[in-house]
Amino acid sequence: MTATHILILIGCYFLVLLLISYLTGKNDSNNDFFKAGKQSPWFLVAFGMVGASLSGVTFISVPGWVEASQFSYMQVVFGYLVGYFVIAYVLLPIYYKLNVTSIYEYLGQRFGQVSYKTGAFFFFISRVLGSAFRLFLVAIVLQQFVFDELNVPFEVTVILSILLIWIYTFRGGIKTIVWTDTLQTLFMLVSVGLCIYFINQEMGWTFTEFLASDELKQYNKIFFTDSLFNKTHFVKSFIGGMFITICMTGLDQDMMQKNLTCKSLKDAQKNMISFTVVLVIVNFIFLLLGALLFIYAAKFNIAIPLMDGSPKSDLLFPEIALNNGLGITVAVTFMLGLIAAAYSSADSALTALTTSFCVDFLNIEKRPEAVQKSIRKKTHIGMSILLIIVIIIFKYVLDKNVIDGLLTVATYTYGPLLGLFAFGIFTKYKIMDQYVWMVAIASVLIIVGIANVPMEYLGGYAVGYELLPINGLLTFFGLWLIRIKE
């Protein structure tokens with residue numbers, strides 16, 4: 001599949017998204033942009049959230065991680081399962097009761113303006129970095145397999161990617177996203193299914209034979225319980241996964257904004273639970289795909305592609321799909337799946353960043369109605385430029401698997417949010433609001449320090465994703481110290 005063919009495919013795909021944007025963005029109101037008029041069908045939101053949760057990171061990076069970690073990622077996914085139930089029955093009732101546009105408004109009502117701004121700030125940093133991780137992964141794939149051939153610089157690739165997202169989200173916002181995410185999830189899941197089918201066919205296997213093969217047994221170990229010192233130990237992965245979900249979904253404006261477009265709390269809870277079941281199954285399928293890719297690469301002597309002179313396992317899937325004779329069907333379905341996976345999370349992230357900045361920092365709802373739409377549109381442009389800058393920086397500083405990098409950053413930036421919301425929900429104390437930002441920053445600095453302690457100083461203990469709940473606990477303790485005693 002040539003670079004020209006891929007560009008034509010991308011162009012056709014975005015024409016479809018632009019049509020959806022035109023149909024859903026006719027009203028061009030702030031209410032539709034931020035809340036979709038609270039008229040989204042729950043099943044549509046649930047299906048679309050699958051794609052937004054998985055993103056290009058899962059589509060490429062999870063399969064590329066299998067050789068190094070086998071199926072240990074499922075331990076994290078099982079933790080996700082518990083986390084989603086906490087979101088459905090603890091957090092969603094609070095958000096619906098308060099009828100918030102930004103979920104961080106809860107912190108303002110509970111503690112005060114400094115707490116509100118602190119929570120919004122940490123979301124903003126978290127989402128900028130998380131979205132940049134996801135888009136960076138797609139940009140390097142497009143660069144490696146399309147734009148290098150056309151002598152287009154990486155920076156231009158990134159600018160074009162963000163520009164396309166801005167074009168189809170600047171009017172309809174979250175109302176458009178609910179519908180485009182549904183389409184993109186469908187493309188992504190069909191793509192993965194077809195890729196597994198055709199690669200198995202090339203190997204001379206049925207899917208059942210693949211599942212029973214000795215080759216798969218080299219990769220499919222799920223539970224790691226040998227030593228608690230190991231980063232992939234079940235308890236550490238499970239607890240980390242649970243808190244990652246609570247924070248990266250339940251305390252994240254991006255993911256919650258979709259849920260808050262449902263007509264009622266009951267619909268939002270049905271959406272969350274059905275989405276959870278599907279998500280666990282789909283993640284397991286991605287791991288099966290990863291094992292299949294490495295088995296195929298070993299059989300046909302396909303080397304892991306290099307990026308800047310170093311092997312990049314994230315690029316194995318596109319290398320096999322696009323450059324190793326599996327046919328045009330696999331190439332087309334892979335590219336559709338990649339584009340869908342990438343933009344189903346990136347578009348909603350851009351909308352969520354715009355929403356959070358407008359509501360939490362610019363107080364748009366208190367501005368004159370005549371200027372509200374103008375503020376929203378200028379902010380949307382500003383968020384697009386910010387993402388472009390961060391993604392370009394990543395090219396020069398990122399040196400690890402993207403899914404691992406994404407989850408590592410989450411342990412730093414989401415911890416203060418976890419502590420703030422937990423203290424608000426599970427205690428009745430007021431706090432000295434003016435000191436909250438100090439508590440949050442101190443907690444992050446302590447966690448960064450712990451994460452960088454050499455293993456030998458900890459008796460060989462490898463620090464993992466359990467740093468997220470520890471971060472939240474430190475914030476909780478700090479808030480306890482500044483509580484107002486009645």
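Q: What makes the separation of Asp267 and Lys270 about one helical turn?
A: Asp267 and Lys270 are 3 residues apart in helix 13 (residues 265-299), so about one helical turn separates them. An α-helix has 3.6 residues a turn, so residues three or four places apart point the same way. Helices here are DSSP runs of H or I with at least four residues, strands are runs of E with at least two, and both are numbered from the N terminus. This is a predicted model, where local features need pLDDT of at least 70, side-chain atom pairs count only at pLDDT 80 or more, and totals for chains, interfaces and linings use all residues. Residues are numbered from 1 along each chain as its sequence is written, and side-chain values use heavy atoms, with hydrogens and water left out.

Q: Why is the pairing of Asp267 with Lys270 called a salt bridge?
A: A salt bridge needs a side-chain nitrogen of Lys or Arg within 4 Å of a carboxyl oxygen of Asp or Glu. The closest N and O atoms of Asp267 and Lys270 are 3.5 Å apart, so the pair meets the cut-off.

Q: Why is Asp267 called buried, and what is Lys270 called?
A: Buried means under 20% relative accessible area, exposed means over 50%, and partly exposed lies in between (1.4 Å probe, protein chains only). Asp267 has 15%, so Asp267 is buried. Lys270 has 35%, so Lys270 is partly exposed.

Q: How many salt bridges does the whole structure hold?
A: A search finds 3. One of them joins Lys217 and Asp214, at 3.7 Å from N to O. These two residues lie in helix 10 (residues 214-217), 3 residues apart.

Q: What makes Lys221 and Asp226 a salt bridge, and how is each residue classed?
A: Their closest N and O atoms are 3.8 Å apart, so they too fall inside the limit. Lys221 is partly exposed at 34%. Asp226 has 70% relative accessibility, so Asp226 counts as exposed.

Q: How do you know that helix 18 is largely enclosed by the rest of the structure?
A: Of its 12 residues, 10 are buried, so the helix is largely enclosed. Among them are Leu417, Leu420, Phe421 and Phe423.

Q: What makes the reach of helix 18 close to the expected one?
A: The expected span is 1.5 Å times one less than the number of residues. Helix 18 (residues 415-426) reaches 16 Å from its first C-alpha to its last, close to the 16 Å expected.

Q: What makes a set of residues a nonpolar core, and which residues have the most contacts inside the largest one?
A: A core is a set of buried Ala, Val, Leu, Ile, Met, Phe, Trp, Tyr and Cys residues, joined through side-chain atoms within 4.5 Å. The largest has 140 residues, and Phe59, Tyr95, Ile320, Phe334 and Met335 have the most contacts inside it. Helix 6 (residues 113-147) gives the most to this core, with 19 residues.

Q: Which residues does Ile320 touch?
A: Contact means heavy atoms within 4.5 Å. Leaving out residues up to four places away in sequence, Ile320 touches Ile199, Leu293, Tyr296, Ala297, Ile302 and Leu326.
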